[in-house]
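Please examine the sequence and the three-dimensional structure shown below. A briefing on selected features follows them.

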Amino acid sequence: MGKYDGMTAKRPVLELRRIIKSYPGVVALDGVDFTVYENEIVGLVGENGAGKSTLMKILIGLIQPDKGSYSLRGEPVTLRDPADAARLGVGMVFQEGSLVPNLSIMENLFLCHEIGFRRFGFLSKRAMRQAAYAALAPVKVGSDLEIAIADTTPAVRQMVEIARLLWLSRLYNHKNPVLILDEPTTVLTENERETLFSILDQIKNQASIVLISHRLQEIVENSDRVIILKDGKNVTELGAERASIPEIEKMMVGHSFETDRYREDEQVEPGNATLLRVQKLSKRGAFEPVDFSVRRGEIVSLVGLVGSGKEEVCRCITGLDKPDGGSIALGGKKLSPGSPSEAVRSGIGNIPIDRRSEGLALGMTLAENINLLVLDQLKVAGFISPALERKSAMRWIGECRIKSPSSSTVCANLSGGNQQKTVIAKWLSSRIQFLVLDHPTRGVDVGAKEEIYRLIRKLARDGVGMIVMCDTLEEDIGLCSRMLIMKDGRLVGEMACPPYKKPSPSEIIGLIV
Amino acid sequence: MRDGALDTMAIRPKRARVPAIYFSFTLLVVLVLLFTLGNRNFISAYNLNTIASYSAILLVVGLGQMNTILIGGIDLSVGGLMSFVSVVFAVSLKTIGIWAFPLCIVVALVAGYLNGVILTRVKIPSFIATLGTGGILSSLALLVAPLPVDVPAATYGLLDIVNGTTLGISNLLFLTLAVFGLFYVILRFTKVGRNIYYVGSNIKMSWMSGIDIVGTRIFAFILSGLGAGIAAIMQSCNQYGGEPTLGNVYILQSIAAVVVGGTALTGGTGGAINTVVGALILGVMENGMNVVGVDAYFQQSILGLVIIVSVALTFDRSKTATIK
């Protein structure tokens, strides 16, 4: 440590020294040091499997390290569970949320700690409400406290969790609590993201924040220090002002990226034949009639803000939603709307945004997931042949470079990037002609992203037409050959993105907002 | 490849996963050894035959039940259906003779189909839907025959399909083996069988990948009806008569056989071999406790304990955040 000297005046709140944690067959953390100082935001980055989540679990007492020391405010501690951690002022805002959906904001805020609001043996709603307003003020949540958490937006839920952690630390009299935020922005809109970071910046005055994110941009912009993990070891730490994204990526992956990360050199000129034709497609309350077409081998990126109607257009194409009017034709053949099985039969595939709940059978093996669409081709005398099935799986595991011990590995045991590659392999192995990709690189590390771009290029080379919606505008521009821009339910613009002559994000952003 | 190893291993639970079937099988072997130590006669040919016949009928209901559990549902109507099929079988045997067999199978298939339709079209959870249809079938059974009906002696010959022996082995066992083979092949080697696993594992993914989720679930319930129907015919033949409450014990027993074998109630994992081991464990327990002379009132407690222990061994908690 000690590479960074700008913070010498600050005192450490939380110190992990030489942490070792191993699981059967693998050392997840191999002598990791991790320090959080008072009043700072520290960014933690690393590929999937680098040990970030193991480290976080140790921080909040979900698991115990095999070796190494953990001290808080200078005193060594042993945490048995997250409740211990909360009592000592260390808490985590989970990616998937840890609130009780059918209880109200207020009830969630004080869950399990209502005892302080007891008046004459009963809970005083009034006292709770007052405390709730006070607790929610710093995170700028002013909505009705009686709303059930299930009816609030992800942004509000996140704020309630943050407020709860701050309130708990005051309850237990800890001055500088440590808040851990795991991928806080994946569920947020652009505006909410800005709000979150401005709130975090203020909270910094009374707390320390550990920020984990795959979006290096927001890590670099919002943290004071960046700590990089690779293969369960500390690689380095940087002051934020010194950190550059390419440099961080290089250290995370261990090699530098080509400048051509979206593989523009492989971008093919789409064929002349129209593959998908959408005519006067409309859905009330979501989008006005839209007309467009996609050619063979063409990657069309659909961009627009949340609420622009782009998601709904895609859902109508893949049959997940039923449009009110208009038609969708693939290769000249009209599709009957509103049926995913009809869409898949006609050759339209979908790569969903949430691979765990919509893309994979997590409890089933890699082979079973990959072969889902091609079982008919793996039959001998009418019955599925295990040998053919294994062969097919191995072929696509190789083709998509899925890292797995074997084709019978259960998908739940794969990393996010490899799970996503499995979803792509599933569609790649079937003879689909058209693919809708909903945020194909969400939540996967930089290494896996490269692979996914490679696969998308391969699909295009094979003549598959695609509509993509990406995580960032840069990714959209880099990948697509043409961009369609939607705003308020209408198609408002179109922009060609030929290789090496790509428009800049600033040219497009004006059309989006 | 160090990266690859980390990728896949770092998120594995502490205990490397051992397939549930090994635990169940070990439990079965341990039980057999214990009972043999308690009474040498436990492994006599005569007693093994008794265990086999008892387990056979339970296994056939269980194999059907397993399909509904694999898709993440449950079939509580197997008891009512078995009772109904049993009395229909005994009564119709008098009038239509051998045609009673196909009639009963059709009745069972239709009942299973209706369960599937109520689940998928009326959209009522299978727990409630089959609780309802099970009740209806139970009462229909009592309406057809309020008291047990004996099969007329003249038709005993027809019952030899089940009661007879071939090459010195009971036909009942051959039939059971055939039913097992059928279910095993469906689940392992056919597309509709594989779809049962896909739907049980992730129904939304299955829908989005174009799998006919309605048809698959209906099919699973038809299979459950088939199992219950065949089991009811077997048992009725065995006791030379129909009984309007014959199925009652099989509701929970069939679920226990499936779960003890290591098929998860959450759906998506398990299979026919698991259910064989599960049914054998229950059969061995039932018989073994009598053979070694465990107090009759105490037997249920031990059985309950074995069910809890075996599920504790086989159930993969790592995939379920909260246990309900």
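Predicted model: local features only at pLDDT ≥ 70, side-chain atom pairs only at ≥ 80, totals over all residues.

Residues are numbered from 1 along each chain as its sequence is written, while chains are lettered from A and ligands numbered from 1 in the order in which they are written.

**Overall form of chain A**

- Chain A contains 17 helices and 24 strands; helices (H or I, at least four residues) and strands (E, at least two) are DSSP runs numbered from the N terminus.
- The C-alpha trace of chain A spans about 70 × 50 × 50 Å along its principal axes.
- Of the 513 residues in chain A, 47% are buried. A residue is buried if 20 or more other C-beta atoms, placed from the backbone, lie within 10 Å of its own, exposed if 12 or fewer, and partly exposed in between.
- Among contacts in chain A between residues at least 6 apart in sequence, 67% join residues at least 24 apart. Two residues are in contact if their C-beta atoms, placed from the backbone, lie within 7 Å.

**Trp167(A)**

- Trp167(A) belongs to helix H5 (residues 154-171) of chain A and is buried, with 20 other C-beta atoms within 10 Å.
- Neighbours within four places in sequence aside, Trp167(A) is in contact with Leu109(A) and Ala135(A).
- From Trp167(A) to Val436(A) the separation is 269 residues in sequence and 44 Å in space, C-alpha to C-alpha.

- Arg401(A), a residue other than glycine, has a positive phi near 50 degrees. Arg401(A) lies in the loop between helix H13 (386-399) and helix H14 (416-429) of chain A, and is partly exposed, with 16 other C-beta atoms within 10 Å.
- Lys123(B) is not a glycine, yet its phi is positive at about 60 degrees. Lys123(B) is placed in the loop between helix H5 (100-120) and helix H6 (126-144) of chain B, and counts as exposed with 8 C-beta neighbours inside 10 Å.

**Helix contacts in chain B**

- The axes of helix H2 (residues 20-38) and helix H13 (residues 272-291) of chain B come within 10 Å and cross at roughly 20 degrees. Axes are lines fitted to C-alpha atoms, for helices over the stretch in contact, and angles run from 0 to 180 degrees between N-to-C directions.
- H2(B) and H13(B) are therefore roughly parallel; angles under 35 degrees count as roughly parallel, over 145 as roughly antiparallel, 65 to 115 as roughly perpendicular and the rest as oblique.
- The residues in the contact of H2(B) with H13(B) comprise 15 nonpolar, four polar and no charged. Ala, Val, Leu, Ile, Met, Phe, Trp, Tyr, Cys and Pro count as nonpolar, Asp, Glu, Lys and Arg as charged, and the others, Gly among them, as polar.
- Helix H3 (residues 45-70) and helix H11 (residues 213-238) of chain B have axes that come within 7 Å and cross at roughly 170 degrees, which makes H3(B) roughly antiparallel to H11(B).
- The contact of H3(B) with H11(B) involves 13 nonpolar, eight polar and no charged residues.
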